[in-house]
Amino acid sequence: MSTTSVARPVGDSPPVDGAGPAATPRAGEDPSSPHGIPAHDTGAGLTVVPRRNPWTWVGVVAVLILVAMFVNGLATNPGWDWPTFAQYFATETIIRALGTTIQLTVLGTIAGFALGVVLAAMRLSHNAFLRTVAWAYIWAFRSIPLIVQLLFWFNIAYLYQTISFGLPFGPSFGSVQTNDLFGALGAAVLGLALHQAAYAAEIIRGGILSVDEGQREAAAALGIPRHRQFFRIVLPQAMRSILPNAANEVISLFKGTSIVSVLAIPELFYQVQVIYGRNSRVVPLLLVATVWYIILTTLLTIGQYYVERHFAKGSARALPPTPVQKVRARWAGLALRARRETAEVAR
Amino acid sequence: MITVTAARKHYGSFLALDDVDIDIPSGSLTALLGPSGSGKSTLLRAIAGLEGLDGGTVTIDGRDVTAEPPQRRGIGFVFQHYAAFKHMTVRDNVAFGLTIRKRPKAEIAKKVDDLLEIVGLDGFQHRYPAQLSGGQRQRMALARALAVDPQVLLLDEPFGALDAKVRTDLRQWLRRLHDEVHVTTVLVTHDQEEALDVADRIAVLNHGRIEQVGDPVTLYERPANDFVMGFLGSVATLGGQLVRPHDIVLDRDRTTALALDAKVADSPGVITATVERVVPLGFEVRIDLRADSGERFAAQITRRDAAELGLHEGETIHARATSRSTVVDHDPALAI
C-alpha cells in the first residue's frame, strides 16, 4: 500500500488543482470516509485520504479470480471424489494410523531432543574427546538420508542376530534375539530419534551460545552450582532462540514419519496407500492424509505460539497479545466507534 | 580482609597483572582506579574467581580461595552491564541466590522486601528487568548481590553504562549504602572523580602494576609519581615539573613573584608567559598560557582573583607554583 496521501476538499468545494481524478469526490459518496478508512481532518478544510494505486486492485482481482477458479474446481471436479474422502476421513483404520503417526512423532521428538541435549553439552564441553565424538555423530547422521538409515535399522538383525547384556569385553548376563528387541516400530523410532538428535543438538547448541556469558558469571558469583547455572539461568533464556527452530524440527519430523511407510508400519501414509491399493481411489485418499497432516500441523503451530510466548517473558517490555486478545481489542474498538457514530448522528 | 599476593595473569603475550600485591581491609570501600588495560578489572575478576591466575594467591578473611570457583568464595558481584536475569522478575532476581540455597520462604520474602526498600525498588517486585531503567537495573543487581550476605562486594564499573546525572546520584547512594551495610567493597572505575567521591581507599593501577595505594587526600596531595598525579585530577607542566592548575599563582609584577619564590626550595621558579585565552568555568576561571619556552599550560584561579588581575588575551604575566603546592618531577617514561 502506498503511504503518500493527497488532500482533497471536503463537501461541495471544487477539486484542488493537480489532485488527479482519484482524488475527486464522486457524487453521492461520503467524502470523509472512502472504503471505511478513517479520514483525518488537517484543519485547513482539507481531508487527508490514503493515495489509491490502481495496480494494487488489478493484482487483487487477478488473485481473487485464480482462487475462485481453484475453489470452484475443488467443488465441481468429480476427480476429487469428496464422498469417498468423507467416507474414509474418520474411519477407525485411519484414526488408528493417525495414532501411530503421533506416537512416532512424540517418541522421536522426546528421544531425539534428549539425546540432542547431551550432544550439545558434549559439543560445548572443555574436553576435546567429547567434543570430537559429538561432532562426528552430528556429521555422520546429517550425512545419511533418513530413509537409508531407517532401512539399516530395520535390517540390523542381519548384522547382529542377538544382543547380549553384560560388561564390555566381559561376561554376559543374558541375551535376546535382535528381532525381538527391534520390531519394525522400534527400528523406526530409533532411526527417527537418532536422525533428529543430530539436528536438535545443533539447534540447542546455537541457543546456548546466544545467551550472554555474563549471565552464567552472574549466577556463579551468586554462589550457584554449575548444573543449576545451566538449568535455571542459561537454558530458560536459550529457549527463546531454540524454540522456533525446534518447532520447525518437530513439524518436519511429524511429516517425516511418512517415510517410515517403507518399513510397512501402519502409520497414516502407509494405511492410506494400503487402502488406495485396494480400491484405486488414489486422490481422495491422499486428500485424507493431507487434511490430517494440515490439521495436526496447525495444532502444533498454535501450540508453538503459546510456548514461545511463555518463554518470551522478560525479553520485551510487554508480551505480544494472543490472537484472542487481538480479536477482542479489535471488537472493542469497532464497538466504541459504532457507539460514537450513533451518538454523533443523534446529535 | 582481602589479601592478594604476587598475582600474575597473561592474556597471550599481554601481561594484565604483573606481580600485584594488595591488602583490602575489612569494611573498607576501596576503588581500583586506572586507565583501560591497566589490569583493574582483571584484578577484581581474579578476586571473584571469574578469572584464573597464572600465579599468586587470593585470600578472603584468612581463607585461601585461589583454587575455589566463584560460587564458593562468598562474594557478591555487580557487572557493568547489569547481567540481570532477563527471564525473571525483579523479586525473583533478588531472591534467586536465596531460593537456590533453600532458605525458608518467609525469610526470603522478608529479606527481599528489605533489600528492595534499601535500593529504592519497592513496588517494582513484579516487573521484568526489561521494564526498568538502567539505574534501576543496576540497583536491582546490587540488591541481588547483597541478598546472599557476601563477605565481600565486588563492583566492576557499576555505573559505567549510565548517564552522568544518574551516575553521580548512584555513587553517592552507594556511599550511603556502604555506611549502612559495612560490607567490604571493591569498586573498579576509570573515573577519578568517582573514586575520590565514594572510596575511602584508592589503588591506582597502570600496566598491570599498582602505582600507589592510599586514602584520597594522600593520593591527591602526595602522589607517588607522575602517573598517579596525572590520573587524579588535571595537571600543568611548569618548568619541567607537574603542578595542579589551581596551585599556580599569577602576578603582573616579576619582583613580587620572585620574592615569594625565594621561600620555596623545590618550586619550579617563575615562568614568564603570554595569556592565550581566559575561560570562565563558573566558580573558577581557567587561563590558558604559553611560556616563553613555547610550553603551553593552564592555570586555574578563583573568579575574584581573576577580576582583580583583569587579564587580557595577549598580555604577558609571571606564573609560579604556590608554596604548598603538589609538585612531581616529570618523568616521560610514566606519562599517560
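User: How many bridges join strand 1 of chain B to strand 2 of chain B, and do the two run parallel or antiparallel?

Analyst: Strands of a sheet pair through backbone hydrogen bonds, either parallel or antiparallel. Two strands are taken as paired if DSSP finds at least two bridges between them; strands (E, at least two residues) and helices (H or I, at least four) are DSSP runs, numbered from the N terminus. Here, strand 1 (residues 2–11) of chain B is joined to strand 2 of chain B by 7 bridges, and the two run antiparallel. One of the pairs is B:Ile2 with its bridge partner B:Ile24 in strand 2 of chain B.
This is a predicted model, in which local features need pLDDT of at least 70 and side-chain atom pairs count only at pLDDT 80 or more, whereas totals for chains, interfaces and linings use all residues. Residues are numbered from 1 along each chain as its sequence is written, chains are lettered from A and ligands numbered from 1 in the order in which they are written, and side-chain values use heavy atoms, without hydrogens and water.

User: What is the order of the strands in the open sheet of 4 strands in chain B?

Analyst: The order is 2-1-4-5, with antiparallel pairing. Strand 2 (14–24) and strand 5 (63–64) of chain B each have a single partner strand, so one side of each is left without a neighbour in the sheet. Within the sheet, strand 1 of chain B is joined to strand 4 of chain B by 5 bridges, and B:Thr3 has B:Thr59 of strand 4 as its bridge partner. B:Thr59 also stands opposite B:Asp64 in strand 5 of chain B. Strand 4 and strand 5 of chain B are joined by 2 bridges and run antiparallel. Their hairpin has 2 residues between the strands, and B:Asp61 takes a positive phi near 50° there.

User: Which helix lies across this sheet, and at what angle does it run to strand 2 of chain B?

Analyst: Axes are lines fitted to C-alpha atoms, for helices over the stretch in contact (heavy atoms within 4.5 Å). Angles between N-to-C directions run from 0 to 180 degrees. Helix 1 (residues 40–48) of chain B lies across strand 1, strand 2 and strand 4 (55–60) of chain B, at about 60° to strand 2.

User: What pairing does the open sheet of 6 strands in chain B have?

Analyst: Its pairing is mixed, in the order 6-7-8-3-9-10. Strand 6 and strand 10 (209–214) of chain B are the edge strands, each pairing on one side only. From one strand to the next, the twist averages 15°. Strand 6 of chain B runs parallel to strand 7 (residues 152–156) of chain B, with 4 bridges between them; B:Val78 stands opposite B:Leu155 of strand 7. Helix 4 of chain B lies across strand 6 and strand 7 of chain B, at about 170° to strand 6.

User: How many residues between the strands does the hairpin of strand 4 and strand 5 of chain A have?

Analyst: There are 5 residues between them, and A:Phe169 in the turn has a positive phi of about 60°. Strand 4 (residues 162–166) and strand 5 (residues 172–177) of chain A pair in the antiparallel sense over 5 bridges, with A:Ser164 and A:Ser175 as one of the partner pairs.

User: What area do chain B and chain A bury between them?

Analyst: Buried area is the accessible area (1.4 Å probe) that two parts lose on being put together, summed over both. For chain B and chain A it is about 2200 Å², 58% of it on carbon and sulfur atoms. In chain B, B:Gln71, B:His87 and B:Ile100 lose the most area to chain A, together 27% of what that side buries. The contact takes 25 residues from chain B and 23 residues from chain A.

User: Which residues form the salt bridge between chain B and chain A?

Analyst: A salt bridge is a side-chain nitrogen of Lys or Arg within 4 Å of a carboxyl oxygen of Asp or Glu. B:Arg45 forms one with A:Glu217, the closest N and O atoms being 2.4 Å apart, and the count between the two chains is 1. Strand 6 (75–78), helix 2 (90–99) and helix 4 (134–147) of chain B each supply at least two residues of the side that touches chain A.
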